[in-house]
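Work through the exercises below with the sequence and the structure at hand. Each task is followed by a solution in steps.

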Amino acid sequence: MTAATPGTDPASSPLARLAAEGATGALHGHAGALYLADGAVVHAESPVVPDVGRRLTAGGRLSAEAWEEAVAEGGPDYRAGRFLVEHGRLSRGELELCHLSALFDAAYFVLFPPDSSQRAPERFLKEARHWLGPVRPVPVPLLQRELRRRGDLLRRAWPWPEVDTAPVVPVPGAVPAGAPGAGPTCGRRAVLQAADGVRTPVQIARALGRSAFTTLLDVRRLAAAGLVRTPPPDTGPGAGPQARRPLPAPAPAATVEVSLLYRIRDALEAL
């Protein structure tokens with residue numbers, strides 16, 4: 001199965017309706033949940049992607065003990081995030097950036113599950129809240145625009161989504177050893193180093209504690225460069241991804257309201 005791609009998809013309809021109603025609660029689906037407060041998305045979680053805690057601890061920014069303390073002490077009052085800031089574990093900016101990245105990452109997979117047999121979220125639990133607590137609400141139109149941008153990035157990088165769910169298999173000798181400036185960027189090189197022919201892109205993302213979407217994008221770019229093997233296409237004779245063709249230049253990123261955080265996020269995705 002391959003991932004759906006954002007666009008004018010009915011998957012967004014329940015979310016748009018809840019936003020218009022100014023709803024508060026959790027919208028659940030097969031691939032996770034979106035949490036809303038007064039119609040804005042305040043948190044997203046999915047087992048497919050690393051959560052805030054995994055990102056902070058895998059990167060060495062927080063110890064596992066510090067994260068567990070925040071969850072235990074602040075979680076029951078829905079203020080685990082605030083606990084980290086108040087006790088000097090993170091700055092407010094660090095928390096917002098990590099939360100924003102995790103929110104967009106999870107929302108992509110909640111609304112467009114990797115397994116196309118899974119339905120988009122429809123079950124809404126009123127007044128449900130997440131234990132992390134509010135950090136920075138994201139308006140639903142902005143979220144939808146960001147998901148469309150991500151879908152466009154994936155298609156432009158490598159238009160065959162079969163690589164999204166298949167094991168990542170590096171091509172032997174594709175990257176010259178010790179050649180400065182040759183081969184992939186450091187982010188893509190990390191993906192190649194973690195690829196063992198068994199792990200899928202999202203499994204690599206969890207192992208590295210990095211964005212699942214960024215890892216998908218890295219894998220597609222590696223496929224376009226011929227550095228990882230591509231699986232056979234799902235359907236249609238002669239439609240295999242092995243047929244190389246010129247790819248269009250990436251579209252410019254959409255203008256966004258939370259400008260500073262988004263510029264930092266885009267810079268991280270480009271690594």
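This is a predicted model: local features need pLDDT of at least 70, side-chain atom pairs count only at pLDDT 80 or more; totals for chains, interfaces and linings use all residues.

**Exercise 1. Find the salt bridges of Glu96 and describe where the partners sit.**

Step 1. The side chains of Glu96 and Arg92 form a salt bridge, with N and O 3.0 Å apart. These two residues are four positions apart in helix 5 (residues 92-111), which means that about one helical turn separates them.

Step 2. A salt bridge also joins Glu96 to Arg136, with 3.1 Å between the closest N and O atoms. This pair links distant parts of the chain, 40 residues apart: Glu96 belongs to helix 5, while Arg136 lies in the loop between strand 4 (123-126) and helix 6 (140-157).

Step 3. Compare each relative accessible area with the cut-offs: under 20% is buried, over 50% is exposed, and partly exposed lies in between. Glu96 has 12% and is therefore buried. Arg92, at 38%, is partly exposed. Arg136, at 28%, is partly exposed.

**Exercise 2. Classify Asp218 and Arg210 as buried or exposed, and give the distance between their closest N and O atoms.**

Step 1. Asp218 and Arg210 form a salt bridge in which the closest N and O atoms are 3.0 Å apart.

Step 2. The relative accessibility of Asp218 is 0%, so Asp218 counts as buried. Arg210 has 17% and also counts as buried.

Step 3. Elsewhere, salt bridges with shared partners connect Arg92, Glu96 and Arg136 in one network. For the structure as a whole, the number of salt bridges is twelve.

**Exercise 3. Decide how the rings of Trp158 and Trp160 are arranged.**

Step 1. A pair of aromatic rings is described by the distance of the centres and the angle of the planes.

Step 2. The structure has five aromatic pairs. In the pair of Trp158 and Trp160, the centres are 4.8 Å apart and the planes make an angle of 65°.

Step 3. Planes over 60 degrees apart count as edge-to-face, and the pair of Trp158 and Trp160 is edge-to-face.

Step 4. Trp158 is buried at a relative accessible area of 2%, and Trp160 is buried at 10%.

Step 5. Ring pairs also join Tyr108, Phe109, Phe112 and Phe213 in a cluster.

**Exercise 4. Check the span of helix 9 (residues 212-224) and find how many of its residues are buried.**

Step 1. The expected span uses one less than the number of residues.

Step 2. Eleven of the 13 residues are buried, so helix 9 is largely enclosed by the rest of the structure. Among the buried residues are Phe213, Leu216, Leu217, Asp218 and Arg220.

**Exercise 5. Describe the second largest pocket by its volume and its lining.**

Step 1. The second largest pocket holds about 210 Å³ of space. Its lining has 13 residues, of which Ala37, Val42, Arg129, Gly133 and Pro134 are the closest to the centre.

Step 2. Sorted by class, the lining of the second largest pocket consists of eight nonpolar, four polar and one charged residues.

Step 3. Strand 2 (residues 32-37) provides the largest share of this lining, with three residues.

Conventions
Residues are numbered from 1 along each chain as its sequence is written. Side-chain values use heavy atoms; hydrogens and water are left out. On a 1 Å grid over the protein atoms alone, a cavity is a set of points where a 1.4 Å probe fits but cannot get out, and a pocket is an open set with protein on both sides within 12 Å along at least five of seven lines; lining residues have an atom within 4 Å of a point. Grid points are joined across faces, edges and corners, and a volume is the space filled by probe spheres set on the points. Ala, Val, Leu, Ile, Met, Phe, Trp, Tyr, Cys and Pro count as nonpolar, Asp, Glu, Lys and Arg as charged, and the others, Gly among them, as polar. A salt bridge is a side-chain nitrogen of Lys or Arg within 4 Å of a carboxyl oxygen of Asp or Glu. Buried means under 20% relative accessible area, exposed over 50%, partly exposed in between (1.4 Å probe, protein chains only). Rings of Phe, Tyr and Trp (its six-membered ring) pair if their centres lie within 6.5 Å; planes under 30 degrees apart count as stacked, over 60 as edge-to-face and the rest as tilted. The expected span of a helix is 1.5 Å times one less than its number of residues.
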